[in-house]
Amino acid sequence: MALKFTTSYIEDAIGVFHYYKRLADGAMSQLTDEQYFQVLDPEMNSVAIIAKHVSGNMISRWTDFLHSDGEKPTRNRDEEFCNPPQTRHGVHECWEHGWQALFSALEPLTEADLARTVTIRGEAHSVMQAINRQLAHYPYHCGQIVFLAKHMQSAHWRSLSVPRGASQAFNQKVAAGEASQR
């Protein structure tokens, strides 16, 4: 599918969030149940922990987005880095809950909302700044998930983007309007 051209910041931001969610979902789909909880060393986070943290951040940031501080008093960020859900299904439910909070907050926004003020940890942000902050944060963690999954799957990894040696064919599909990196 070709990239949808838009000049809407909100529409594009939602598209970028969907793209990175798809990458992380594609990576997680290649893992065994055990690999969700595997760490590379004691200082690393597992895919389950990363998913729990991202979800916790999303629920805090995007619930009541325009009307309350993005760091909710009910959030315990430190707890996000321990005791993940005990099953793949539980991790997936947690992950989806966070993304639902994000998309439910973003989809009704208008371009006029971009200049409104929201707070995160008491600091004023324009809505656009708050979105940009998360457009940097969530892809960072999605990349961690992809990295861990690719490492664990090694020779069994199925590329989520342009496979090695296939750039020319992919570029031809893009030129024909049949594909897009996003």
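Just after helix α4, S154 takes a positive phi of about 50°. This is a predicted model, and the points below start with α4 and then look at three helix pairs: α1 with α3, α1 with α4, and α2 with α4.

**Helix α4 on its own**

- Helix α4 covers residues 127–153, which makes 27 residues.
- Stepping past the end of α4 brings you to S154, the residue with the positive phi.

**α1 beside α3**

- Helix α1 (residues 9–29) and helix α3 (residues 88–106) pack at an angle of about 175°, and their axes lie 11 Å apart.
- Angles over 145 degrees count as roughly antiparallel, and α1 and α3 are therefore roughly antiparallel to each other.
- On the α1 side, the contact is made by I10, I14, F17, H18, K21, A24, D25, M28 and S29.
- On the α3 side, the partners are R88, W95, E96, W99, L102, F103 and L106.
- Sorted by class, this contact of α1 with α3 has ten nonpolar, two polar and four charged residues.

**α1 beside α4**

- Here the packing angle between α1 and α4 is about 15°, with the axes 8 Å apart.
- Angles under 35 degrees count as roughly parallel, and α1 and α4 are therefore roughly parallel to each other.
- If you follow the pair in the 3D view, α1 passes α4 in a left-handed crossing.
- From α1, the residues Y9, A13, V16, F17, Y20, K21, L23, A24, A27 and M28 take part.
- They meet M128, I131, N132, Q134, L135, Y138, P139, C142, I145, V146 and A149 of α4.
- By class, the contact of α1 with α4 has 18 nonpolar, two polar and one charged residues.

**α2 beside α4**

- Helix α2 (residues 47–62) packs with α4 at an angle of about 165°, and their axes are 10 Å apart.
- That angle makes α2 roughly antiparallel to α4.
- α2 passes α4 in a left-handed crossing.
- V47, I50, H53, V54, N57, M58, R61 and W62 are the α2 residues in this contact.
- In α4, they meet A130, I131, R133, Q134, H137, Y138, H141, Q144, I145, L148 and M152.
- The class count for α2 with α4 is eleven nonpolar, six polar and two charged residues.

Notes:
Residues are numbered from 1 along each chain as its sequence is written. This is a predicted model: local features need pLDDT of at least 70, side-chain atom pairs count only at pLDDT 80 or more; totals for chains, interfaces and linings use all residues. Side-chain values use heavy atoms; hydrogens and water are left out. Helices (H or I, at least four residues) and strands (E, at least two) are DSSP runs, numbered from the N terminus. The expected span of a helix is 1.5 Å times one less than its number of residues. Axes are lines fitted to C-alpha atoms, for helices over the stretch in contact, and angles run from 0 to 180 degrees between N-to-C directions. Angles under 35 degrees count as roughly parallel, over 145 as roughly antiparallel, 65 to 115 as roughly perpendicular and the rest as oblique. Contact means heavy atoms within 4.5 Å. Ala, Val, Leu, Ile, Met, Phe, Trp, Tyr, Cys and Pro count as nonpolar, Asp, Glu, Lys and Arg as charged, and the others, Gly among them, as polar. A crossing is left-handed if the near helix is turned anticlockwise from the far one by less than a right angle, and right-handed if clockwise.
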